[in-house]
Amino acid sequence: MKEPLVPVIPMSHTAHIRSHRKPRRSATSAIAMRAGVAGGVLSMAAAGASASANAAEPVTQTIELPTLTADMSAQVAQSAAVTQQAAADYELRAERDAAAAEAAAEAKKDLAEAKKKAEAKKKAAEAARKAAAERAARSAERATLSASASASASASVSAPASGSVATVIAFLKAQVGDAYVMGATGPNAWDCSSLVQAAYKQVGVDLPRVSQDQSMAGTEVSLSNLQVGDILYWGGKGSAYHVGVYIGDGKYLDAANPSKGVVIQDLSGYPASGAVRVL
């Protein structure tokens with residue numbers, strides 16, 4: 001089968017040579033190109049701005065963070081200082097309160113001690129005044145008794161008058177409350193034998209000084225036949241260790257001991273060993 005014939009078109013002898021002219025672009029292509037270029041530029045600008053913004057953000061944080069940290073540190077330090085000052089003030093107030101309480105307690109204690117001392121001093125002064133009054137009263141009574149005894153002795157020196165026993169007993173009773181002191185002879189302190197000796201001396205009877213010798217004076221009498229004014233003794237006759245004077249009603253008066261002084265006692269509570277009569 002025969003191939004179809006293709007018509008032959010005559011060509012220019014320069015058709016195979018490329019033209020050096022640039023191909024013309026249409027207006028639409030130019031506009032599109034310009035728009036693309038502009039868009040690219042804008043995109044690049046936006047990207048650059050974004051990049052700049054992103055690049056600047058860490059710088060801003062780096063600058064502001066130390067400032068914020070410094071402010072917070074200053075606030076914390078200030079708060080700590082205020083707290084410490086408050087604690088110091090509280091401690092100071094506590095110390096002042098404690099000191100004030102201690103001072104008040106000390107003052108109260110001193111006041112109580114002062115009151116106690118004042119009361120003791122007042123009691124001592126009252127006791128001294130009372131003792132002085134009693135001594136004055138006894139001194140006055142003794143002066144009266146001495147005058148009476150002197151008058152009786154003048155009336156009858158060799159034989160005391162019938163009132164001599166009353167004078168002895170009155171003298172003895174005037175000494176009640178005086179102190180007992182071994183070896184003392186009055187006027188406010190006695191031992192047993194010095195008191196008996198002084199009592200009988202008021203009526204002109206001179207007795208020995210010690211109890212042993214006084215138990216040998218006068219006439220021996222039985223304890224069942226006692227009379228007011230008889231001298232009682234304790235111990236053996238001639239070796240007696242204590243003496244007193246019988247005042248009637250089963251009682252005697254003596255300078256007993258340091259704890260009692262001059263007192264009146266019941267003979268039944270401390271029976272005598274014997275008795276002598278000198279009046």
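**Entry 1. Ground rules and confidence.**
I number residues from 1 along each chain as its sequence is written, and my side-chain values use heavy atoms, with hydrogens and water left out. Because the model is predicted, local features need pLDDT of at least 70 and side-chain atom pairs count only at pLDDT 80 or more, while totals for chains, interfaces and linings use all residues.

I looked up pLDDT, which is the predictor's confidence in each residue, from 0 to 100. The protein averages 77, and 65% of the residues score at least 70.

**Entry 2**
I took helices (H or I, at least four residues) and strands (E, at least two) as DSSP runs, numbered from the N terminus. Two strands pair if DSSP finds at least two bridges between them.

In which order do the six strands of the open sheet stand? I read β3-β8-β4-β5-β6-β7, with antiparallel pairing. β3 and β7 each have a single partner strand and stand at the edges, so one side of each lacks a neighbour in the sheet. From one strand to the next the twist averages 35 degrees; axes are lines fitted to C-alpha atoms, for helices over the stretch in contact, and angles run from 0 to 180 degrees between N-to-C directions.

I then went through some of the pairings. Strand β4 (residues 231-234) is joined to β8 by three bridges, antiparallel; Tyr233 has Gly274 of β8 as its bridge partner. Four bridges join β4 to β5, again antiparallel, and Ile231 is partnered by Val245 in β5. β5 is joined to strand β6 (residues 251-257) by three bridges, also antiparallel, with Gly248 facing Lys251 as bridge partner. β5 and β6 make a hairpin with two residues between them, and Asp249 in the turn has a positive phi of about 55 degrees.

**Entry 3. Cover on the sheet.**
I checked burial (buried is under 20% relative accessible area, exposed over 50%, partly exposed in between, with a 1.4 Å probe and protein chains only). Strand β5 (residues 242-248) has seven of its seven residues buried. Helix α3 (residues 192-201) lies across β4, β5, β6 and β7, at about 45 degrees to β5.

**Entry 4. Aromatic pairs.**
I counted rings of Phe, Tyr and Trp (its six-membered ring) as a pair if their centres lie within 6.5 Å; planes under 30 degrees apart are stacked, over 60 edge-to-face, the rest tilted. The count is three.

Phe171 and Trp190 have ring centres 6.3 Å apart and planes at 80 degrees, so I log them as edge-to-face. Phe171 is in helix α2 (residues 164-174) and Trp190 in strand β2 (residues 189-190), so the pair ties together parts 19 residues apart in sequence. Both Phe171 and Trp190 are buried.

Trp234 and Tyr252 form a tilted pair, 5.2 Å centre to centre with 50 degrees between the planes. Trp234 is in β4 and Tyr252 in β6, 18 residues apart. Why do I list Trp234 as buried? Because its relative accessibility is 1%. Tyr252, at 0%, is buried as well. Trp234, Tyr252 and Tyr270 form one aromatic cluster.

**Entry 5. Salt bridges.**
I searched for a side-chain nitrogen of Lys or Arg within 4 Å of a carboxyl oxygen of Asp or Glu. The whole structure gives four salt bridges; I wrote up some of them.

- Glu220 and Lys237 meet at 2.6 Å, N to O. Glu220 is in strand β3 (residues 219-221) and Lys237 in the loop between β4 and β5, 17 residues apart. Glu220 is partly exposed at 38% relative accessibility, and Lys237 is partly exposed at 41%.
- Arg277 and Asp230 meet at 2.8 Å, N to O. Arg277 is in strand β8 (residues 274-277) and Asp230 in the loop between β3 and β4, so parts 47 residues apart in sequence are tied together. Arg277 and Asp230 are buried.
- Lys251 and Asp266 meet at 2.6 Å, N to O. Lys251 is in β6 and Asp266 in strand β7 (residues 261-266), so the pair ties together parts 15 residues apart in sequence. Lys251 is partly exposed at 32%, as is Asp266 at 41%.

Conventions
Contact = heavy atoms within 4.5 Å.
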